Amino acid sequence: GEAEEIKAESTVEILKGRGETILLVEDDVSILKLANRILDGLGYNVLAAGTTGEAMDLAKEHAGNIHLLITDVVMPEMNGHDFMIELKKDVPNVKIIAISGNEFFGPEVDLFIAETLGAVRIFGKPFNADEILEAVRELLK
């Protein structure tokens, strides 16, 4: 008989955005660029910043809503904890995903503090990109 081609169905759901605005704050340029490219490619409006000062400026200049903040907790200039407090003054309903790779205290300490500041989801570095994307889609339902 003839060979019949069988196509496997993908079990991975592509978690596309609907134009929601995400403020992405990460001081590691390679992570910032990669996350920006992935999120933008999935249909999110990404405001990407390498410092908390730059992120605060982007937030103030942005005319629309900021639906989600994804931020590293350990940052130069202002730490991520203080940044979350400041941003929530201007954007009180923003949902937060916090990420930490702090090697001194361990990411658990930073992430616990982030949770007390309102982070809805928390991740330690290294993290799985699929898990972050699932969290983004879940928070922006």
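In which sense do strand 1 and strand 2 pair, and over how many bridges? Select both strands and look. They pair in the parallel sense, over five bridges. Keep in mind throughout that this is a predicted model.

**Stop 1: the whole chain**

Zoom out and colour by secondary structure. The protein has five helices and five strands. From the N terminus on, the elements run β-α-β-α-β-α-β-α-β-α. Now colour by burial. Of the 141 residues in the protein, 40% are buried. Take contacts between residues at least 6 apart in sequence: 69% of them join residues at least 24 apart.

**Stop 2**

Five strands remain, forming an open sheet in the order 2-1-3-4-5, with parallel pairing. Go to the edges next. Strand 2 (45–49) and strand 5 (119–124) stand there, and each has a single partner strand, so one side of each is left without a neighbour in the sheet. Then look along the sheet from strand to strand. The twist averages 15° from one strand to the next.

**Stop 2: strand 1 and its partners**

Select strand 1 (21–25). On the strand 2 side, pick Leu24, which stands opposite Ala48. Now turn to strand 3. Strand 1 pairs with strand 3 in the parallel sense over four bridges. Pick Leu23 here: Leu69 of strand 3 stands opposite.

**Stop 3: strand 3**

Select residues 68–72, which are strand 3. How many of the five residues of strand 3 are buried? Five of the five are, so strand 3 is largely enclosed by the rest of the structure. Show the side chains. In a regular strand, side chains alternate between the two faces of the sheet. Strand 3 can be read that way: Leu68, Ile70 and Asp72 point one way, while Leu69 and Thr71 point the other way. All of these are buried.

**Stop 4: strand 4**

Move across to strand 4 (95–100). Strand 3 and strand 4 pair in the parallel sense over five bridges. Five of the six residues of strand 4 are buried, so strand 4 is largely enclosed by the rest of the structure.

**Stop 5: helices on the sheet**

Bring the helices back. Select residues 52–61 for helix 2. Helix 2 lies across strand 1 and strand 2 and runs at about 145° to strand 2. Next, select residues 80–90 for helix 3. Helix 3 packs on the sheet, where it touches strand 1, strand 3 and strand 4. The direction of helix 3 makes about 160° with that of strand 3.

Then select helix 5 (129–139). The buried residues in helix 5 include Ile132, Leu133, Ala135, Val136, Arg137 and Leu139. What covers the buried residues of helix 5? The cover includes strand 1, helix 1, strand 3, strand 4 and strand 5.

**Stop 6: the largest pocket**

The largest pocket holds about 300 Å³ of space. It is lined by 19 residues, and the closest to its centre are Ile31, Ala35, Phe127, Ala129 and Ile132. Strand 1, helix 1 (29–41), strand 3 and helix 5 each give two or more residues to the lining. Which element gives the largest share of the lining? Helix 1 does, with six residues. Colour the lining by residue class: 15 are nonpolar, one is polar and three are charged.

Stay with Ala129, in helix 5. Ala129 counts as partly exposed, at 39% relative accessibility.

**Stop 7: Gly19**

Finish in the segment before strand 1, where Gly19 lies. Is Gly19 buried or partly exposed? Gly19 is partly exposed, with a relative accessible area of 40%. Show its contacts. Leaving aside neighbours within four places in sequence, Gly19 is in contact with Gly43 and Asn45. Gly19 and Gly43 are 24 residues apart in sequence, but 5.6 Å apart in space, C-alpha to C-alpha.

Notes: Residues are numbered from 1 along each chain as its sequence is written. This is a predicted model: local features need pLDDT of at least 70, side-chain atom pairs count only at pLDDT 80 or more; totals for chains, interfaces and linings use all residues. Side-chain values use heavy atoms; hydrogens and water are left out. On a 1 Å grid over the protein atoms alone, a cavity is a set of points where a 1.4 Å probe fits but cannot get out, and a pocket is an open set with protein on both sides within 12 Å along at least five of seven lines; lining residues have an atom within 4 Å of a point. Grid points are joined across faces, edges and corners, and a volume is the space filled by probe spheres set on the points. Ala, Val, Leu, Ile, Met, Phe, Trp, Tyr, Cys and Pro count as nonpolar, Asp, Glu, Lys and Arg as charged, and the others, Gly among them, as polar. Two strands pair if DSSP finds at least two bridges between them. Axes are lines fitted to C-alpha atoms, for helices over the stretch in contact, and angles run from 0 to 180 degrees between N-to-C directions. Contact means heavy atoms within 4.5 Å. Buried means under 20% relative accessible area, exposed over 50%, partly exposed in between (1.4 Å probe, protein chains only).
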